[in-house]
Amino acid sequence: MNTEIQEILPYNVMNRYFSVTKTGLAQCHICSYYVLGNIEILRAHLEDYHPYIAIKIQQSIKCTRLSQYYTLVTDYEARCSFCKEIIDIFEGISGLINHYMSHYVSK
Ligand SMILES: [Zn+2]
Ligand SMILES: [Zn+2]
């Protein structure tokens, strides 16, 4: 049993890409492989096997207005120019937009 992943995954950005089975294995939505391990291992799976996800998101940041609001600090991290918070690129474009919008709806 790997209860840690069962508890963490539903609230983690990786839940976009993996669903967890009753036995604690995470199944990749893209290649259907089962991955055993923690969030870091799931992330490493995406980086190793599906690097185009990050590339696609990086390109979208560069090609859209999001580039005004985010600076890529690493291949997998973007910094918000309002609050300087680092956003995980695997949040996807919708995650970046949601974060950006939160600056307007919160206060
Ligand atoms: Zn996969
Ligand atoms: Zn921000």
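Student: In β5, which residue is the bridge partner of Tyr 70?

Tutor: This is a predicted model, in which local features need pLDDT of at least 70, side-chain atom pairs count only at pLDDT 80 or more, and totals for chains, interfaces and linings use all residues. Residues are numbered from 1 along each chain as its sequence is written, while chains are lettered from A and ligands numbered from 1 in the order in which they are written. Strands (E, at least two residues) and helices (H or I, at least four) are DSSP runs, numbered from the N terminus, and for Tyr 70 the bridge partner in β5 is Cys 80.

Student: How many bridges join β4 to β5?

Tutor: Two strands pair if DSSP finds at least two bridges between them. A hairpin links β4 to β5 through two residues, and Leu 72 has Ala 78 as its bridge partner in β5. The two strands run antiparallel, with β5 covering residues 77-80, and the number of bridges joining them is four.

Student: Which strands stand at the edges of the sheet, and why is one side of each left without a neighbour?

Tutor: The sheet is open and has three strands with antiparallel pairing, in the order β4-β5-β6. Each edge strand has a single partner, so one side of it is left without a neighbour in the sheet; these strands are β4 (70-74) and β6 (86-88).

Student: What angle does the direction of helix α4 make with that of β6?

Tutor: Axes are lines fitted to C-alpha atoms, for helices over the stretch in contact, and angles run from 0 to 180 degrees between N-to-C directions. Two residues are in contact if their C-beta atoms, placed from the backbone, lie within 7 Å. Helix α4, residues 92-105, packs on the sheet and touches β4, β5 and β6, and its direction makes with that of β6 an angle of about 150°.

Student: Is Phe 90 buried or exposed?

Tutor: Phe 90 lies in the loop between β6 and α4, and leaving aside residues up to four places away in sequence, Phe 90 touches Val 13, Met 14, Leu 46 and Tyr 76. A residue is buried if 20 or more other C-beta atoms lie within 10 Å of its own, exposed if 12 or fewer, and partly exposed in between, with C-beta atoms placed from the backbone. Because Phe 90 has 20 C-beta neighbours inside 10 Å, Phe 90 counts as buried.
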